[in-house]
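These are my notebook entries on one structure. I record what I looked up and the cut-offs applied.

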Amino acid sequence: MMNFKKWLIRICLLIGGLGLIGMAVIYIGFRASLPTLDGVIETAGVSAVVNLERDARGHATLSADTRSDLSFASGYIHAQERFFQMDLSRRMASGELSELFGDLAMETDRENRFHRFRTRARNSIDQLPAEHKALLSIYVDGVNAGLNDLGSKPFEYWLLGSEPRKWTMEDSYLVIYSMYFTLQDSGGGYEWQNHLINKTLSPELATFLLAKRTEWDAPIQVDAVPFTPAEIPPASVITSRKMASLDRDDQPMLGSNNWAVSGAITKTGAAMLSNDMHLSIRAPSIWYKLRLKLNDGSLDLTGVSLPGTPAIVVGSNGSVAWGFTNSNIDTSDTIKLKINQENENQYLTVDGYKDFEIFNETILSKGSNSETITIRETIWGPVLDLQDGETHVFRWVAHVPGSTSMGLINMETVKTLEEAQSYAGTIGIPAQNALIVDSAGNIGWTIFGMVPRRGVGDYTKVMDWSDGAMAWDSWYSSAEYPKVNNPDHNRLWTANSRVVTGEFLEKLGTSSYDLGARAQQIRDDLFALDSEVSETDLYDIMFDDKAVFLSRWQQQLVSVLENTGDDAFAPYLEHIINWGGRADKNSVGFRLVRDYRHQVYETLMGSLTSVCVEYNENCNYDRATNQWEGPLWQLVTKMPDGWLPTGIDNWQYFFEKQAFDAWEEIITGETQLDNYTWGERNRASIRHPLGAAVPFLGQLTDMPNDPQSGDTENMPHIAGIVTGQSERIVVSPGYEENGIMNLPAGQSGHPLSPYYGAGHKDWMAGSPTPFLPQETKWEMEFVPLK
């Protein structure tokens, strides 16, 4: 018995020792994939010494003799810090995620492979200017060198049981294509939803519900015709008022804010730019902060780069600074085909019937069988599956050669506003509102990205292009682009809503513009600044969480509850009266008002458009317009007869029921009223892509799940659970040392990095951190291979 106990102890010790050894092996392997921070790298990729300095937050400065050497070193550090994230971007755009994640990603791959972006990327590379192609090729060499020089493959591939695949030039294109998926409609949804609403509702009701303008519009050009609210049609135009509710996505519009002031009202006389781009927030950050310097002083560029590509996306070069918001201009069309009745494999064009081109794409899936999908294409684009018995085609700028390029490289050395605008049509990115400022004090707006030259007609409608009258296949030149430069009031602003009017709007088209409330509040904040404007003045606007837009809803709700005669609403009324007028994380009243408005909208508009859902189950009014506040508020304030859902004929009762339904979580006792704060609903969830999938990994990789102020809509301070301000930049060219930059989750993708998550606390607290990298903590050199 004694011997048995001794052996049992020895076995336990052995198992424990093996476990510790195993953990040590895992830990050593985990650490081996950390990037190199110090020392000398001998490589054939550079022609002369390149110096890399990192500060305590990992912000990188590269100094070299040539731009090509900077490109190699940029690729190297991108790969060492972010290769897995780069891989996800290219695979998402190409429809190849299933190779890593198996069947879990198959549906996403089917949807994205439809666009055949890998083939389009491969075909586009030869169109690059020779200089850009050379820089991209060298960047790709740097990526593969950086990956190969890691002591081990990035840790994510160990967890997934996969091997990283080398980088190619087409992969860098795919990273840009991934932003098209993020920033534009990749399936014609906006036009299709408008089509369904117009097809199934009476013309009077459809026109009323699909408002083009509201009182919240705040374009940088003054509208020639002042806004007047639409008249509410008679209830007889409504064909169905069935009780229904919309399926509403409560995520922020992915787009951004930017604003600028001219040198006439700044302290320095140089113009000043502010930019916060609203995207998914994850760990590590989407952007990689980078400073590029040439030793002869001809280049000193700081901004954020997109790992996988060699250019600075937004930043300042000492003479010019630029920033983006998603423009939401019309960059796609849905076309109804006429099929040959004698040959279903042909469609009609102005030149007669043509055969569909057929492409078979094989999607490889980890651990299971591959799947082959068949894609039919036309001269205008691929065939969509939207409605039984009809055939439609998607015409999208992203499918056209030139829509994606390395054109942002041109911004590195521009010296003036006008020079920067001269490249507008050659910068191959999803069409953006580009605000540009220069050191001479000038400010200007234009579009960066390709703008189609359309004919005369309403391109928001699904149309037949077979007679050639509506087809487009050419583009505006940069010289023809709309531009607004140096307005007399010295201020410019954009926030994903309509920016221009008249002739300029005709060129850009009408699409899914955001409601103008956010832009209007930014505009008013800018006009509250008088003179001697500083970087902190513009930075503070990013945190403006005043609930200007919701104020009238708060007043309406107070009136409703004061007229209920039901004492049960008394504690709610107290919170709503004392709501604070801000999207404050500690406010109960703000959340109550916000939830109530959304409930009113979803129920009322769901009822009015229920006939559309009966016709096509995918019909959704919420995806047809972002201007729904206009007609909704008209109905809420006028309270016309015959507009409520069937079975309800009293507006007071309707409003009370919406409040009850919106606050059901509290009324049923699931949550206590005093705990129903906005911050409890709006907790930041900034996670590594694998943080939720791998047990305990999230404890290493994910940022704290803290409550936050700000809202997902209709105010400058955009802050959502998984989306929000992906960067904050304020900079005046020539005065970069006074600039500000915040990033939400740090530079490194490796949780054992000494600066993993660095900057997150400042981002959450709204504490400004410097635009330029600071004191060097780690330094290394790339030297030519001897």
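I looked first at charges over rings, where NZ of Lys or CZ of Arg must be within 6 Å of the ring centre and within 35 degrees of the ring normal. The charged end of Arg591 sits over the ring of Tyr676, at 3.6 Å from its centre. I also noted Arg116, which lies over the face of Phe359, 3.6 Å from the ring centre.

On provenance, I note that this is a predicted model: local features need pLDDT of at least 70, side-chain atom pairs count only at pLDDT 80 or more, and totals for chains, interfaces and linings use all residues. Residues are numbered from 1 along each chain as its sequence is written, and side-chain values use heavy atoms, with hydrogens and water left out.

Of its 21 residues, 21 are buried, so H17 is largely enclosed by the rest of the structure. Buried means under 20% relative accessible area, with a 1.4 Å probe and protein chains only. Ser587 caps the N-terminal end of H17, with a side-chain oxygen 3.4 Å from the backbone nitrogen of Gly589.

Next I searched for aromatic pairs, meaning rings of Phe, Tyr and Trp (its six-membered ring) with centres within 6.5 Å; planes under 30 degrees apart count as stacked, over 60 as edge-to-face and the rest as tilted. The whole structure gives 37 such pairs. Tyr347 and Phe356 have ring centres 5.1 Å apart and planes at 35°, so the pair is tilted. Tyr347 and Phe356 are both buried. Trp651 and Phe655 are likewise tilted, with centres 5.6 Å apart and planes at 45°. Both lie in helix H20 (residues 651-662), 4 residues apart, about one turn of the helix.

Finally, I looked up nonpolar cores: sets of buried Ala, Val, Leu, Ile, Met, Phe, Trp, Tyr and Cys residues joined through side-chain atoms within 4.5 Å. The largest has 205 residues, and Trp663 and Phe782 have the most contacts inside it. Helix H2 (residues 67-94) gives the most to this core, with 11 residues. A second, separate core of 15 residues includes Leu337, Trp380, Tyr459 and Trp472.

Key
Buried means under 20% relative accessible area, exposed over 50%, partly exposed in between (1.4 Å probe, protein chains only). Helices (H or I, at least four residues) and strands (E, at least two) are DSSP runs, numbered from the N terminus. A polar contact is a pair of N or O atoms within 3.5 Å; within protein, one must be able to donate a hydrogen and the other to accept it, and residues adjacent in sequence count only if both atoms are side-chain atoms.
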